[in-house]
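Please take a moment with the sequence and the model below, and keep both in view while you read the paragraphs that follow.

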Amino acid sequence: MAYLSDSQLSQMGFGRLGRNVLISDKASLYDCEAMEIGDHSRIDDFCVVSGRVVLGRNVHIAPFCLVAGGEPGVTLEDFAGLAYHVQVFSQSDDYLGHSLTNPTVPARFKSEFKAAVHLGRHVIVGAGSVILPGVLIAEGCSVGAMSLVRKSTQPWGVYAGNPARRVKTRSRDLLELEAQYLAGA
């Protein structure tokens, strides 16, 4: 995988760009001025990231992900990660037929649902999952592959399914490892 150079990254006009950020030269980023990317974060090949997006430190977005921040925004806090093919949406068209849809139609003829999405610290989302507008995935949650997350979660849970449901409690052992890592161990 080839990554953009520091010079190339600085020319993209990010709202904030941390240290040691890696972004694939095959990723597509739109509206970079609305993005903040924390230290040691990485965006891999064939990702599309657009709109208001805030990434904390040590965030990983695996290949083929979509993070559609739009106007309301998507936030991934420190140590959060998206596996292959995860899609995160902060806005959605009206699928019930009460308005016109798609970006070719002027806003006055549409009724989009727009709400920020927030993934807390240490959230990990499994491959192929979809996160809908307005969802808060609380600190420490993991979401199993191919899950549909329509509703917000409670902290430190393991969620899976369509729709995603809490199936068990997630261990907090990783917090000790985080402390060691941040202390430079």
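How many salt bridges does a search of the whole structure find? The search finds nine, where a salt bridge is a side-chain nitrogen of Lys or Arg within 4 Å of a carboxyl oxygen of Asp or Glu. Before we look at some of them, note that this is a predicted model, in which local features need pLDDT of at least 70 and side-chain atom pairs count only at pLDDT 80 or more, while totals for chains, interfaces and linings use all residues. Residues are numbered from 1 along each chain as its sequence is written, and side-chain values use heavy atoms, with hydrogens and water left out.

We can begin with the strands, which are DSSP runs (E, at least two residues) numbered from the N terminus. Six strands make up an open sheet with parallel pairing, in the order 1-4-7-10-15-18, and two strands count as paired if DSSP finds at least two bridges between them. At the edges are strand 1 (16–17) and strand 18 (136–137), each of which pairs on one side only. Within this sheet, strand 7 (residues 53–55) runs parallel to strand 10 (residues 74–76), and three bridges join them; Leu 55, for example, has Leu 76 in strand 10 as its bridge partner.

Now return to the salt bridges. Side chains of opposite charge can pair when their charged atoms come close. Asp 44 counts as buried because its relative accessibility is 1%, whereas Arg 42, at 31%, is partly exposed; buried means under 20% relative accessible area, exposed over 50%, and partly exposed in between (1.4 Å probe, protein chains only).

A second bridge links Glu 139 and Arg 121, whose closest N and O atoms are 2.7 Å apart. Glu 139 lies in the loop between strand 18 and strand 19 (142–143), and Arg 121 in the loop between strand 15 (117–119) and strand 16 (124–125), so this pair ties together parts that are 18 residues apart in sequence. Elsewhere, salt bridges with shared partners join Glu 71, Lys 110, Glu 112 and Lys 114 into one network, and within it the closest N and O atoms of Lys 114 and Glu 112 are 3.8 Å apart.

Finally, consider Phe 46, which lies in the loop between strand 5 (42–43) and strand 6 (48–50) and counts as partly exposed because its relative accessibility is 43%.

Conventions. Helix = DSSP H or I, 4+ residues; strand = E, 2+ residues; numbered from the N terminus.
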